[in-house]
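Colleague: Please put the model on the screen. I would like to go through the charged pairs and then a pocket.

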Amino acid sequence: MPLSDGAWGACQVTAVKGSDIVAVALAWHSAEPPTLADLVGVGPLLASHHSWDPRPEHHGILPDDPVPPDFVWLGNLPVPADLTGTPNSFAGWRSLGTQVVLQHWWDHDVPDPVKSAYKSAATRGQVPVDLGAGPVALAAATARLDLTGGMPPVPATGPVRWAAFDQLPRCTEVVWSGPDRGLVAALAERPLISSLTWFDPPATLDLGGTSLRSLNLRGHIRDLRLPRSLSQLLLSQSDNETTVTVADNGRWLSLHLEVDDPRPTIPVGLEQVRTLTVTGNGMLSAAPARAFRQLQALSLRWQAAPGSLLDAEALADLEQLAVLELHDGYGIDPDILPELPSLQHLDVYGLRRSAVPPLRARYRDIRLVVGGAKSDTWLAANLDNPLRDWVDDDERGGRAACQAYAEAVRAIDKLPPTHDVDAARPILQTMVEKLNAVQARYGIIDTLRREEAADAFLRLAARAGVPGDVADEWFDDWRAF
């Protein structure tokens, strides 16, 4: 397994039962790819980083998760006798390599005092945390700090007391907004903070001295420097050009672009990216993918109707493309895709039912996964409904949710154009109450569906002129899921 830190790991398949696969990460980390002979006698990776109790990284592979195209088959070795039982959990192939990287980093790069403080925080209870706007009591084991939400409060102006982070040695994720105010320096001093979401960041941002592994930037970036440790990068793209400085031109990055324009300006400096996700609205273009000639896995995700793909012929220029995922591309004709000689896995979720037979006929020789197919009649009534995919979880519950949203849209659109918040309130509350009833009866609103419900609610509220902060409060007060 090529690893995100530039090294190599290895994993072993321990069981195959029909389409079910079980695999274990091995205790191997090397600068060069191992041979089969190197792995004789190598046991499973026992992950003990962070708060994990040592146990083999032995997982059932998630259904329909393809073997990454850059994994290298070595051969067969006997399965250890103690790994023939039930796996510890379910995960994707990539998570095996992630655990090898994390354990190696924990063992070799994290100072012992930092590890000790992390472990001991579990039993410290509440601690005072003061970032400069007054102390508040937080659990010492707090893992995520959303500093845009006022807890703990951050002074509106002046210095921020970043030393307060030392009271929270288990903090690994930070959410921030606006100017730097010393945040980058504070992150550089704390190697356990590995995830950062930053709204409205500075146009020039140097994170090269941090230990971040996941970065979500929501705003306009002109110059961005990234640490070698980073493995996941999300950028919300606009018309401005972003220049990124990162090891090996992004070869080890999984890049996610959220775009408004079907043909957005592509970041410079990420030419070696091999895994790319593009999320957009009703139309996406394949043309920007040409900037990533080494691309092996591409996921295109539509968030609105009609779900059309432009410039599909550009995919033919991606000579190493092995995995292609299309989610909610209801406007795609299967014939639009060019011939892709390296394609091994095609995942199409959310499509017209009439498109399924030609897809199956065309892609008989690769692994094809099709889900969420819907009739033309259903789509004619619900293509613009953001809750349309709920019918894939439960047909009756999903239809009820779609109806609740559609009724709210019709009622909102009948309101006079004066943006009367009081008039919109009962309409929005009725919608949430109907979703509460859907959850009570069908139990289909998990974390993902809750986020989709929130997005749909907030869009409707904005359509009615309800301020965002008021809509957020209403949704949280009314929902029972």
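Colleague: How many salt bridges does a search of the whole structure find?

Modeller: This is a predicted model, in which local features need pLDDT of at least 70, side-chain atom pairs count only at pLDDT 80 or more, and totals for chains, interfaces and linings use all residues. Residues are numbered from 1 along each chain as its sequence is written, and side-chain values use heavy atoms, with hydrogens and water left out. A salt bridge is a side-chain nitrogen of Lys or Arg within 4 Å of a carboxyl oxygen of Asp or Glu. Over the whole structure, the search gives 23.

Colleague: Which residue forms a salt bridge with D328?

Modeller: Side chains of opposite charge can pair when their charged atoms come close. For D328 the closest N and O atoms of the pair are 3.7 Å apart, and the partner is R388.

Colleague: How many residues apart in sequence are the parts that this pair ties together?

Modeller: D328 lies in the loop between β22 (323-327) and β23 (345-352), and R388 in the loop between α5 (376-382) and α6. Helices (H or I, at least four residues) and strands (E, at least two) are DSSP runs, numbered from the N terminus. The pair therefore ties together parts whose separation in sequence is 60 residues.

Colleague: Is R190 buried or exposed?

Modeller: R190 meets E189 in a salt bridge of 3.4 Å, N to O. Buried means under 20% relative accessible area, exposed over 50%, and partly exposed in between (1.4 Å probe, protein chains only). E189 has 60% relative accessibility and so counts as exposed. R190 has 12%, so R190 counts as buried.

Colleague: Which element gives the largest share of the lining of the second largest pocket?

Modeller: On a 1 Å grid over the protein atoms alone, a pocket is an open set of points where a 1.4 Å probe fits, with protein on both sides within 12 Å along at least five of seven lines; lining residues have an atom within 4 Å of a point. Of the 25 residues that line the second largest pocket, those closest to its centre include D328 and E452. The elements that give two or more residues to this lining are β17 (254-259), β20 (297-302) and α8 (447-463). The largest share, seven residues, comes from α8.

Colleague: With which residues is R396 in contact, leaving aside its neighbours within four places in sequence?

Modeller: R396 is found in helix α6 (residues 395-413). Its relative accessibility is 59%, so R396 counts as exposed. Contact means heavy atoms within 4.5 Å. With those neighbours left aside, the residues in contact with R396 are R441 and Y442.
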